[in-house]
Amino acid sequence: MKKVIYIMFLLPLFMVAQNAQEALIFENVMLTAHPEKIAEFEAGMAAHNKKFHADGPYGARVYTIANGKNAGKYMLAMGPLPWSAMDGRPKSKEHADDMNKNVNPYLLADVEVNYMKMHPEHSNFSKDFTLNKISVFMIDVKRFKNGDFIDKVIKKVAQVYKEKMPDQIYGVYSNEMNNMDGMDFGWVEFFDSSSWLGKENTFPQYFEEVHGADSFSKFLEDVQATTDGERTEIWALRKDMSGASPEVKAAQRQ
């Protein structure tokens with residue numbers, strides 16, 4: 001019996017290991033609580049995640065959005081996991097009944113779902129860290145310009161971070177689904193204190209130190225030629241509402 005329980009506990013990890021060559025995805029679900037039922041929603045979501053989404057690839061974390069048009073909403077992030085594991089997500093009657101009883105009644109119909117693919121080759125998850133706050137920089141890429149955007153923007157920015165800010169943990173993600181919402185790519189940076197947001201902007205100086213004198217103006221031209229705009233949101237982890245641990249292991253993001 002012990003052996004059976006042990007195998008069942010490790011099954012989600014086996015699923016990810018067997019699909020190690022597949023790209024890893026995050027399912028991001030933006031939720032809006034009924035303004036008069038926030039306490040009930042938060043309590044129901046917390047209990048649900050701790051019961052059904054605490055471990056493995058189906059572990060879920062909840063963030064509150066602090067600014068912009070989505071301020072006050074919640075982001076539920078499940079993963080990372082490969083597409084091949086998506087159909088194995090919790091879908092028992094008990095799971096559905098719990099959602100229908102303890103979570104859905106306290107939500108508004110305003111829901112948005114995105115599937116974001118990790119790009120470890122352009123990211124820096126070189127050390128373990130604890131999730132707290134994240135800066136989500138979302139980019140609207142022009143049609144048919146994805147390749148140019150990656151080569152002329154993402155790769156060059158990543159090189160600057162690698163040489164000048166090697167300790168900054170960040171992830172690059174692309175939207176798996178076509179959209180008209182300006183959410184084609186995400187550059188996500190992880191930080192602990194809001195003082196991080198007040199740091200002096202040394203990126204233009206660093207860029208020219210890495211790519212050469214007067215290279216930053218050409219970089220801005222490449223940004224303009226490949227994108228239609230961008231926006232930044234700050235998300236704060238709600239450990240009380242999350243099922244998965246805030247601890248992130250570098251090996252799981254490679």
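Where in the chain does aspartate 214 lie?

## Two residues with positive phi

In this predicted model, aspartate 214 lies in the loop that runs between helix H5 (203–211) and helix H6 (215–226). Its phi is near 65°, a positive value in a residue other than glycine, and aspartate 214 counts as exposed because its relative accessibility of 59% is over the 50% cut-off.

Phenylalanine 144 also has a positive phi, of about 65°, although it is not a glycine. Phenylalanine 144 is found in the loop between strand E6 (133–141) and helix H4 (146–164), and with a relative accessible area of 74% this residue is exposed.

## A cis peptide bond

Glycine 79 and proline 80 are joined by a cis peptide bond, for which omega is about 5°. Proline 80 belongs to strand E3, which covers residues 74–81.

## Salt bridges between separate parts

Side chains of opposite charge can pair when their charged atoms come close. The structure holds 13 salt bridges, and one of them is formed by arginine 238 and glutamate 42, whose closest N and O atoms are 3.0 Å apart. Arginine 238 lies in the loop between strand E9 (227–237) and strand E10 (247–248), while glutamate 42 lies in helix H2 (residues 38–52), so this pair ties together parts that are 196 residues apart in sequence. Both arginine 238 and glutamate 42 are buried, and a network of salt bridges links Glu42, Arg238 and Asp240.

Another salt bridge is formed by aspartate 110 and lysine 73, with 2.6 Å between the closest N and O atoms. Aspartate 110 lies in the loop between H3 and strand E4 (112–118), and lysine 73 in the loop between strand E2 (60–65) and E3, so the pair ties together parts that are 37 residues apart in sequence. Aspartate 110 counts as partly exposed at 39% relative accessibility, whereas lysine 73, at 14%, counts as buried because this value is under 20%.

Aspartate 148 forms a salt bridge with lysine 145, and here the closest N and O atoms are 4.0 Å apart. Aspartate 148 is partly exposed, with a relative accessibility of 31%, and lysine 145 is likewise partly exposed at 31%.

Aspartate 97 is part of helix H3 (residues 93–102), where its side chain makes a polar contact of 2.7 Å with the side chain of lysine 93. Aspartate 97 is partly exposed, with a relative accessible area of 35%. The C-alpha atoms of aspartate 97 and lysine 117 are separated by 30 Å, although these residues are 20 residues apart along the chain.

Conventions:
Residues are numbered from 1 along each chain as its sequence is written. This is a predicted model: local features need pLDDT of at least 70, side-chain atom pairs count only at pLDDT 80 or more; totals for chains, interfaces and linings use all residues. Side-chain values use heavy atoms; hydrogens and water are left out. Helices (H or I, at least four residues) and strands (E, at least two) are DSSP runs, numbered from the N terminus. Buried means under 20% relative accessible area, exposed over 50%, partly exposed in between (1.4 Å probe, protein chains only). A polar contact is a pair of N or O atoms within 3.5 Å; within protein, one must be able to donate a hydrogen and the other to accept it, and residues adjacent in sequence count only if both atoms are side-chain atoms. A salt bridge is a side-chain nitrogen of Lys or Arg within 4 Å of a carboxyl oxygen of Asp or Glu.
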